[in-house]
Amino acid sequence: MDFFVPILAAAVRSGTPILYASLGEILTERSGVQNLGLEGLMLMGAFSGFTVTYSTGNPWFGVVTAFIVGIAISLVHAFLSVSVGANQIVSGLAVTMFGTGASSLLGRKMIGLTIPGFSKVPIPFLSRIPVFGPVFFEHDPLVYISYGLVFFLVWFIFYTRPGLNLRAVGESPVVVDAMGLSAVKLRYFYTMIGGGLASVGGAYMSLAYTKMWGEGMTAGRGWIAIAIVIFAVWHPARAVLGAYLFGGVGAMQLRIQAAGTSFPAPVLMMMPYIFTILVLLVISIKKGRGILIDSPGSLGIPYSREERG
Amino acid sequence: MIFEGVLPVLSVLAALFLAGVALMFFGVSPLAAYRAMFRGALGSWYGFSEVLVKTIPLVISGVAVGFAFRMKIWNIGAEGQIYMGALATAAAVRFLQSSSQFSMLLAMAVAAVIAGGFWGCIAGVLKARWNVNEVITTLMLNYVAIHLAEYFIYGPWRDPSSLGFPMTPPFPPSARLPQFLDTRVHLGIVAAIVLVLIFRLVIRWTRWGFEIRAVGENPKAAEYAGIRYGRNVVMVMFVSGAIAGLAGMTEIAGLQGRLQPGMSPGYGYTAIIIAWLARLNPWGIIIVSFFMGVLLVGGETIQVIMRLPLASVQVIQGCILFSVLAFEFFRNYRVLLVRKERN
């Protein structure tokens with residue numbers, strides 16, 4: 001157990017940024033919009049959160065800034081994919097490119113600086129539980145917030161009226177419009193909130209994980225988050241499993257290298273990606289056999305009121 | 001329609017303006033940056049030849065991506081296919097020591113085509129057989145390919161005399177593509193032009209090209225017409241991957257002379273922009289690739305002169321995509337100026 005508890009705890013830690021981004025993308029995709037810009041959003045979040053924390057000394061300001069920055073950038077994606085009806089894959093790639101470029105351009109003076117950032121706050125009593133305690137309850141506040149967010153989103157999406165509207169607009173925007181709600185407004189709203197959450201995930205990287213800023217520091221986590229949304233079949237609770245699994249592979253790889261085994265690092269590093277493809281394959285095979293998959297029916301399809309039949 | 005042709009130019013101009021505003025906001029003088037980029041890329045013969053050097057892999061991988069796009073298949077995986085092609089090229093050099101330059105280069109090209117094609121094929125088969133989303137699979141395969149290449153570069157194929165630098169030993173002269181006129185422009189430029197011509201020919205004048213276009217325009221109608229979707233997906237992904245693999249081969253055999261990490265600085269991703277901006281027009285692919293080459297060389301110039309990170313070019317690329325997408329609006333809607341009637 002002594003070997004596994006630190007790995008599991010590290011899995012939670014390194015899985016958290018992916019979890020935030022996946023939760024955000026679940027909201028966005030549930031509303032019928034696909035945002036492939038997570039990587040760029042995370043980088044902008046990591047950069048803006050770090051900068052504000054560095055100058056104010058308060059990491060919470062950093063988190064709020066990252067959230068707002070994420071919302072602002074996703075507004076562009078929402079405009080292009082909802083109002084213009086442009087191709088969402090290309091728009092998402094543009095968000096990633098812009099975010100990667102802008103963050104490294106803006107952050108060039110921040111390289112090498114460090115911040116105290118978030119520190120660990122063990123939860124009394126709970127952190128004393130053997131195994132469970134150190135794995136889940138000896139983290140920084142952002143990790144605990146992500147737990148709360150998962151419970152909230154499960155409740156919100158599946159047990160509330162606005163959640164039903166969210167699922168409806170992802171399934172059939174025409175119906176939502178007929179219900180007297182605005183499909184366009186809903187899609188804007190959830191694309192922006194989703195982007196904000198992805199950006200907070202990036203801020204976790206620079207505020208709690210590395211406590212510094214580096215060019216391209218999210219290293220593909222945004223893309224993994226997109227894969228995890230499919231892995232989770234658009235369900236927040238399963239996204240937790242996916243995010244920690246990926247975090248765990250990353251943590252494991254560091255340990256194995258530290259233990260000095262001869263197992264080559266690049267081979268370990270490609271495992272999460274191969275794993276994602278296998279999971280996708282299993283889901284698609286199930287779908288092909290007619291097993292019901294709870295996926296948003298009009299995902300990625302632009303909706304125009306003028307064209308409804 | 002004239003407007004159709006003017007639209008891309010207008011949107012690129014708007015993009016440069018947009019990127020300029022962004023650069024200004026980020027504390028960089030856009031005029032100084034653009035001037036430095038222009039001078040660096042087009043101000044001298046050397047700069048121009050360097051632009052051509054960058055244009056070669058961009059054209060080839062642009063054709064690769066464009067081929068799949070024709071059938072509305074999203075090959076986001078050109079980057080990984082480039083790496084697989086380069087990896088296979090290095091393998092061929094390592095295991096076939098032939099003194100004949102022709103047979104050596106041929107073997108390298110064949111290896112690259114097979115490896116890249118195989119890599120594309122994986123996503124194609126998954127899509128055809130089980131309808132797995134090719135955007136995610138090709139993207140994931142990029143990372144797998146890059147790490148696979150790193151495994152060999154850091155591990156068994158590492159040059160023992162490289163003083164610890166991760167790279168394979170340099171290729172022998174027989175395994176190098178000839179370069180022209182004291183520049184770094186290599187034979188790959190001929191391959192690029194030939195590939196564009198073949199792309200045009202196949203799509204426009206062959207039965208298979210017709211099938212690809214038909215499936216791309218309307219998969220359902222194509223299916224009713226007896227065109228098999230699955231088989232075409234696999235074949236198109238194989239060809240697309242094979243062409244991207246060839247881009248990897250020309251890049252390391254023509255330019256770098258060995259396999260090293262980061263051998264492609266995102267050519268496969270830029271290729272997506274190129275295929276998209278060119279609207280799948282073969283000549284457009286050449287023009288847009290050249291433009292992107294100017295951006296890349298210009299980016300390297302401002303990296304040296306103005307000490308800006310190379311990634312700042314991505315700001316401009318992102319802005320170009322944004323503005324082209326926004327201009328889609330004008331493709332769908334016509335702007336009418338209506339004057340108020342006087343009575």
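**Contacts along the chain.** I began with the contacts in chain A that have a separation of 6 or more, and found that residues 24 or more positions apart account for 79% of them. I keep in mind throughout that this is a predicted model.

**Elements and overall dimensions.** I then went through the secondary structure of chain A, which comes to twelve helices and zero strands, so that from the N terminus on the elements run α-α-α-α-α-α-α-α-α-α-α-α. For chain A I noted a radius of gyration of 19 Å, close to the 19 Å that the globule rule gives for 309 residues, and chain A is therefore as compact as a globular protein of that length. Along its principal axes, the C-alpha trace of chain A spans about 65 × 45 × 40 Å. Of the 309 residues in chain A, buried ones make up 50%.

**Helix α10.** I next asked how many residues of helix α10 (residues 221-231) of chain A are buried. The count is eleven of the eleven, so this helix is largely enclosed by the rest of the structure. Among the buried residues of α10(A) I listed A:Arg221, A:Gly222 and A:Trp223, as well as A:Phe231. Following α10(A) I came to A:Val233, whose phi is positive, near 45 degrees.

**Helices α2 and α4.** I looked up how helix α2 (residues 38-56) and helix α4 (residues 88-106) of chain A pack, and read an angle of about 25 degrees with their axes 7 Å apart. Because angles under 35 degrees count as roughly parallel, I recorded α2(A) and α4(A) as roughly parallel to each other. Their crossing is left-handed. The contact is made on the α2(A) side by A:Glu39, A:Gly40, A:Leu41, A:Leu43, A:Met44 and A:Phe47, and on the α4(A) side by residues including A:Val95, A:Met97, A:Phe98, A:Ala102 and A:Leu106. By class, I noted nine nonpolar, five polar and one charged residues in the contact of α2(A) with α4(A).

**The side towards chain B.** Last, I turned to the two chains together, where 39 residues of chain A are in contact with 39 residues of chain B. I asked which helices of chain A each supply at least two residues of the side that touches chain B, and found α3 (59-84), α4, α10 and α12 (265-288). The residues on this side of chain A divide into 28 nonpolar, nine polar and two charged.

Terms used. Residues are numbered from 1 along each chain as its sequence is written. Chains are lettered from A and ligands numbered from 1 in the order in which they are written. This is a predicted model: local features need pLDDT of at least 70, side-chain atom pairs count only at pLDDT 80 or more; totals for chains, interfaces and linings use all residues. A residue is buried if 20 or more other C-beta atoms lie within 10 Å of its own, exposed if 12 or fewer, and partly exposed in between; C-beta atoms are placed from the backbone. Helices (H or I, at least four residues) and strands (E, at least two) are DSSP runs, numbered from the N terminus. Axes are lines fitted to C-alpha atoms, for helices over the stretch in contact, and angles run from 0 to 180 degrees between N-to-C directions. Angles under 35 degrees count as roughly parallel, over 145 as roughly antiparallel, 65 to 115 as roughly perpendicular and the rest as oblique. A crossing is left-handed if the near helix is turned anticlockwise from the far one by less than a right angle, and right-handed if clockwise. Two residues are in contact if their C-beta atoms, placed from the backbone, lie within 7 Å. Ala, Val, Leu, Ile, Met, Phe, Trp, Tyr, Cys and Pro count as nonpolar, Asp, Glu, Lys and Arg as charged, and the others, Gly among them, as polar. The radius of gyration is taken over C-alpha atoms; the globule rule is 2.2 Å times the number of residues to the power 0.38.
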